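Okay, thanks for having me, everyone. Let me put the model up on the screen.

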Amino acid sequence: MFDLMPFARREKNLFDALSTVLNDDFWGSAGRTLSQCKTDVLDRGDHFLVQAELPGFKKEDISIDINGDYLTLRAQHSEEKKEEKDNYVCRERSYGGFSRSFDVSGVKVDEITASYENGVLELKMPKRGEAKPDTRKIEIR
């Protein structure tokens with residue numbers, strides 16, 4: 001049964017293993033820290049609830065834009081540390097960001113609300129009413 005499921009199957013390949021080892025050794029976990037935004041989309045009946053995990057971001061670092069039928073969530077983060085001791089100077093900088101887009105064609109975009117607390121952004125998106133197709137009966141003559 002699991003053969004039919006759309007889980008990622010990876011063949012054993014020397015080049016994939018080598019690439020993984022080189023990337024992890026060279027970049028460490030830095031390449032994975034801001035590369036993803038863990039997002040859950042929940043159907044609450046009359047609305048969708050989007051929960052995006054954004055730990056370490058300030059509310060000012062996050063922007064939410066709607067363009068046509070797409071809502072785009074962007075977050076950018078920059079941090080700079082400077083430490084000076086005797087003749088030693090250390091300066092570290094980190095920058096990162098990401099963007100996620102969602103189809104909101106079935107949502108009342110004027111009524112979307114957002115809140116951000118404890119590193120979790122929540123978007124409440126009320127659903128549009130079901131569009132009922134026009135039906136009629138045609139008489140045969």
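Predicted model: local features only at pLDDT ≥ 70, side-chain atom pairs only at ≥ 80, totals over all residues.

Residues are numbered from 1 along each chain as its sequence is written, and side-chain values use heavy atoms, with hydrogens and water left out.

How many aromatic pairs does the structure hold? There's 1, where a pair means Phe, Tyr or Trp rings (six-membered ring for Trp) with centres within 6.5 Å; planes under 30 degrees apart are stacked, over 60 edge-to-face, and the rest tilted. It's F57 with F98, edge-to-face, at 5.9 Å centre to centre and 90° between the planes. The two sit 41 residues apart: F57 is in the loop between strand 2 (47–53) and strand 3 (62–67), and F98 is in strand 5 (residues 88–103). Strands here are DSSP runs of E, at least two residues, numbered from the N terminus.

F57 is buried at 8% relative accessible area, and F98 is buried too, at 12%. Buried means under 20%, with a 1.4 Å probe and protein chains only.

There's also a charge over a ring (NZ of Lys or CZ of Arg within 6 Å of the centre and within 35 degrees of the normal): K127 over the face of F48, 4.8 Å from the ring centre.

Now the glycine. G119 lies in the loop between strand 6 (113–117) and strand 7 (120–126), and counts as buried at 13%. Skipping neighbours within four places in sequence, G119 contacts A52, E53, L54 and P55, contact being heavy atoms within 4.5 Å.

Terms used:
Helix = DSSP H or I, 4+ residues; strand = E, 2+ residues; numbered from the N terminus. Buried < 20%, exposed > 50% of the residue type's maximum accessible area, 1.4 Å probe, protein only.
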